[in-house]
Amino acid sequence: MAAPIRQTVLTLYKSLLRESGKITDYNFRLYALRRTKDAFKENKDVSDPTRIQALIQKGQENLEVLKRQALVSQLYGSTRTVIES
Amino acid sequence: MLPRLARIPNVMVKDGARLITLKLLSTSTRAGAAAGAVKLENTQGKKDSKVLSHEEPRPLYLDAQSTTPLDPRVLDKMMPFLMSQYGNPHSRTHAYGWESEAAMEHARKQVAAIIGADPREIIFTSGATESNNISVKGTARFYKNKKNHVITTQTEHKCVLDSCRVLESEGFDVTYLPVKQNGIIDLEELEKSIRPETVLVSVMAVNNEIGVKQPINEIGELCRSKKVFFHTDAAQAVGKVPMDVNQMKIDLMSISGHKIYGPKGVGALYIRRRPRVRVDPLQSGGGQERGMRSGTVPTPLVVGMGAACELAQDEMAYDAERVTVLSKRLIDQIVESCPQVIRNGDPEQTYPGCVNLSFAYVEGESLLMALKDVALSSGSACTSASLEPSYVLRAIGADEDLAHSSIRFGIGRFTTEAEIDYTAQKCIEHVKRLRDMSPLWEMVQEGVDLKSIKWTQH
């Protein structure tokens, strides 16, 4: 993987995890964190440049969704579940 | 001028179970203009309310068969249509209508894709109940001059069974096929039940209470060879197990939005075009959805349903793998620590996200009450208000006492390992406690055969 792409992917990964952590709902937050990690793990050996570009694009779209939905969850809040407290 | 306080006697308004006191206060301001304010006061304490207050922690959710949470990615797709893009998708004269129509047609493609259908074969409804009603009543009524027999199973969802009851009152003949002990129908028995006047066979793909998968491929093959329409209620199957209407030779299929992390209040019905299936519409009106379901299509909801289908298709393998792991984790933990736990339904031909367990010598309702930290159900949400044992469990030949002691665990996309472990531990703890209190359990431990006991009638 070329260096600039590697940097883009790492930044994207970190941003996705950061935004996932902001979701207030326990189940959604854990899902977002888990799904992000699993998706990057699943695709870590992809070498085809067009496929990499498509995946980055998808990740960026998901990042936008996460940003909006994290905000929505913060606006409305959510009650803690019994295993969080 | 001095401020003046005009008092109006308190008005008591009875609103459902809660008493609300309306205090109408009118004070004159310095300027002399009277400003009115209505103050609403709840005279009852928070303790009486069954709804959770904000401080109380929320129970864990393990009831994925009754409904699933709306996936935030689905909500994200719906939002624009709940805000600025509010056009009626059937408006042909302006851009508001066109953009809504485009969104609706895109959603139709997404729904069609997950079941391998043509978008023109999908009609949007209010949910799987409506889809089932249109399929069962609509098909039977359309062909009533030629054929008058319908076949279904004893373990179908209430809405299919009730539609069949209505058909019976209209003079149709209905066969309610029994199921084997594992919850699966006998194909030979189905074949024997098909007559020349049979118009429809309706068998659900995945059972909502015990999670059993019916042999849809074989049923489809059999129905096609006998030239009988085949309807399947796939509300619990779509998005969870692979479904293909052409490979499985399905003629009509009901899909629900809120069982696949989509919004509530929307569903879809697949109706085959070749060979063409025709239905008598239940609802009269503007002729939307090719006349089969009049009424404005709710754009935000169908956009949500489409997005949920696309997501479910993309995530099916990932979700399935996870649900299988969690399901095994739950069953293993419970069975390891609790003797005499019976899993209802076939252990192989099943959707792993639906685990129905019977805890012998424990009353199901008591266990559900004890497990108040976990949202669980003894079976279908539609019948959970009654204390009657589930008709599905009775149909698979479960003893009355075992049918009374069953609990359904519904595992979904958002369930975590910690939730499974917590539920299993609580469950084991309470089953032990309830059994220790039970005289029946004590007798069984002493080696008494309960079936041999003659109970005196009072």
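Select α3(A) (49–76) to begin: this helix gives the lining of the largest pocket its largest share, eleven residues. The model is predicted, so local features need pLDDT of at least 70 and side-chain atom pairs pLDDT 80 or more, whereas totals for chains, interfaces and linings use all residues. Residues are numbered from 1 along each chain as its sequence is written, chains are lettered from A in the order in which they are written, and side-chain values use heavy atoms, without hydrogens and water.

**The largest pocket**

Next, display A:Ala39, A:Leu55, A:Lys58, A:Gly59 and A:Asn62, the closest to the pocket centre of its 49 lining residues. The pocket holds about 1500 Å³ of space. On a 1 Å grid over the protein atoms alone, a pocket is an open set of points with protein on both sides within 12 Å along at least five of seven lines; a cavity is a set where a 1.4 Å probe fits but cannot get out; lining residues have an atom within 4 Å of a point. Points are joined across faces, edges and corners, and a volume is the space filled by probe spheres set on them. At least two lining residues each come from α1, α2 and α3 of chain A and from α1, α2 and α7 of chain B. By class, the lining has 29 nonpolar, seven polar and 13 charged residues. Nonpolar means Ala, Val, Leu, Ile, Met, Phe, Trp, Tyr, Cys and Pro; charged means Asp, Glu, Lys and Arg; the others, Gly among them, are polar.

**The interface**

Now select the 23 residues of chain B in contact (heavy atoms within 4.5 Å) with 19 residues of chain A. Zoom in on A:Arg35 and B:Glu315, whose salt bridge has its closest N and O atoms 2.6 Å apart. Such a bridge requires a side-chain nitrogen of Lys or Arg within 4 Å of a carboxyl oxygen of Asp or Glu. Two are found across this interface. On the side of chain B that touches chain A, α1 (72–82), α7 (299–337) and α11 (417–437) of chain B each give two or more residues, with α1(B) providing the largest share, four.

**Within chain B**

Move to B:Arg108 and B:Glu289, which form a salt bridge at 3.0 Å, N to O. B:Arg108 lies in α2 (residues 95–114) and B:Glu289 in the loop between β12 (267–271) and α7, 181 residues apart.

Finally, select B:Lys240, B:Tyr261 and B:Asp319, which are among the residues lining the second largest cavity. Its volume is about 90 Å³.
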